[in-house]
Amino acid sequence: MNQTYSKKQKLHQLLVILVPILVTQLAMYSMTFIDTLMTGRYNSQDLAGVAIGSSLWVPVFTGLSGILLAVTPIVSHLVGAKKQSEEVAFSVIQGVYLSVIMAVLVFAGGALSLNPILSGMNLENRVHDTAFNYLAALSTGLIPLFVYNVLRSFIDALGKTRVSMIITLLSLPINAVFNYMLIYGKWGFPELGGAGAGYASSITYWLIMLISFFIIHKNSPFSNYGVFRNLHAVSIGKWKEILMIGIPIGLSIFFETSIFSAVTLLMSTFETAVIAAHQIALNFASLLYMIPLSISMALTIVVGFEAGASRFKDAKEYSWIGVGIAVIMALICAAILLAFPREVASIYTKDSDVLKLTANFLIYAMFFQLSDAIQAPVQGALRGYKDVNVTFIMSLISYWIIGLPFGYYLANHSNWGAYGYWIGLITGLAAGAITLTGRLIYLQNKKYPASMKV
């Protein structure tokens, strides 16, 4: 990544970083799929318990882990500016300290609030117990999970996204084997049902954290920074820097992920077939979202590196190459959804009513991911510039002030029914795409113009 690259070379460089991130995100998505599949084959009540547990955990985890994503642009800027390795190591180790504190706080908060929350949901006893035990089991892996997020951010910030990909791919068979042993009680292990999936995930988190520690300590270029060579004192100043960048990132991610949970809860008043079709379409849309999300993460790395080196022309070119890739991929996916909605729906269900409804929802998903193709990469580029506060406010307004209320109105006070929520989501995402793009253009033309030299 340097100023002599042509646009073609920049495209190649971006793809080198992007493809491993995409594989990593798909592998992480597959881990949740494996948990659901293996618990579902145990029994339906344990599946329901794990589903409830996951719906509570995912928005919390994605929001909090988003805070730790601040390590990526911080390290990218330092490396781009050719700062001393001690500064990079110091930033990473402070991120590790902060992640441990966050994990302990989440554990304490969950211990106090989990039972009251589940009790307020009027669940069957077996489903309640499974959800509680699943989350309790998962909590034993909070510290390694949060620490791993910091270590992965450091690895990715150096552009070595292939290493993160290999670690995540290793975690898939590990997780599946421990699921098999602990859900079903195989090879002398206790039969724990849905809770076994939580313990399997926890064990996997510990192992991938230890693998990451080993790689960073022993392998170049990571070992050159000596992250674990010295025991640094806690730095409140560095924590503040991480939190000032990370909290807006975490809140932006939380607002986006939680709106889908909110819509799913609001749709509980519709018929079972409608809810099932909504869940299937949302599941497939989430799979497609891995593409713009991965591009977003790649742009944070390359834009952060170039902005740190004060190469603002290159940072701008990377930004729009990334958006272009996302839009082209979205158009290809849209064409597939438009041509084969029933075929895609039939992957998930054979029920004729659900199949028909899912095919309809998937048409809305087509517009949905076209907006995602713009707003996600633009957010990634903005994070690369460390521009996060305005992004957070725009996300809040787009999703919760425009998207959800408009969807609720259409679903309950018009003839659109359940589809109204999807139109609301599309509107919110489109508003986000327009406002965030405007922010990026302003930033690149006014604050960091291509001609600017530092």
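Which helices each supply at least two residues of the lining of the largest cavity? I will come back to that after a few words on the model itself, which is predicted, so that local features need a pLDDT of at least 70 and side-chain atom pairs count only at pLDDT 80 or more, while totals for chains, interfaces and linings use all residues. Residues are numbered from 1 along each chain as its sequence is written, and side-chain values use heavy atoms, with hydrogens and water left out.

Let me begin with confidence. The mean pLDDT, the predictor's confidence in each residue on a scale from 0 to 100, is 84 for the protein, and 97% of its residues reach 70 or more. Confidence is lowest in helix α2, residues 44-68, with a mean of 77, and highest in helix α8, residues 194-218, at 91. When I say helix, I mean a DSSP run of H or I with at least four residues, numbered from the N terminus.

Now to the opening question. The structure holds one cavity of 30 Å³ or more, and about 40 Å³ of space lies in the largest cavity. A cavity here is a set of points, on a 1 Å grid over the protein atoms alone, where a 1.4 Å probe fits but cannot get out, whereas a pocket is an open set with protein on both sides within 12 Å along at least five of seven lines; in either case lining residues have an atom within 4 Å of a point. Grid points are joined across faces, edges and corners, and the volume is the space filled by probe spheres set on them. The helices that each supply at least two residues of the cavity lining are α10 (272-308), α11 (312-339) and α13 (352-384), and the largest share, four residues, comes from α11. The lining residues are L288, I291, P292, A326, M329, A330, C333, Q369 and A373. By class they are eight nonpolar, one polar and no charged, where Ala, Val, Leu, Ile, Met, Phe, Trp, Tyr, Cys and Pro count as nonpolar, Asp, Glu, Lys and Arg as charged, and the others, Gly among them, as polar.

Turning to the second largest pocket, about 470 Å³ of space lies in it, and it is lined by 19 residues, of which V106, G110, A111, L114 and L135 lie nearest its centre. The elements that give two or more residues to this lining are α2, α4 (85-119) and α5 (125-139), with α4 giving the most, eight residues. The lining of this pocket divides into 14 nonpolar, five polar and no charged residues. Please keep in mind that α2 is also the helix where confidence is lowest.

Next, burial. I call a residue buried under 20% relative accessible area, exposed over 50% and partly exposed in between, using a 1.4 Å probe and protein chains only. Helix α6, residues 142-157, has 16 residues and reaches 23 Å from its first C-alpha to its last, close to the 22 Å expected, which is 1.5 Å times one less than its number of residues. Just after α6, G159 takes a positive phi of about 85°.

Two further buried residues deserve a look. K238 sits in helix α9, residues 236-266, and counts as buried at 13% relative accessibility. Leaving aside residues up to four places away in sequence, K238 touches I74, F90, S91 and Q94, contact meaning heavy atoms within 4.5 Å. A27 and L170 are 143 residues apart in sequence and 9.5 Å apart in space, C-alpha to C-alpha.

Finally, the loops. In the loop between α7 (161-184) and α8, W187 has a phi near 55°, a positive value in a residue other than glycine, and W187 is exposed, with a relative accessible area of 61%. S310, in the loop between α10 and α11, likewise has a positive phi, near 60°, but S310 is buried, at 13%. A cis peptide bond, with omega about 5°, joins S220 and P221, and P221 is found in the loop between α8 and α9.
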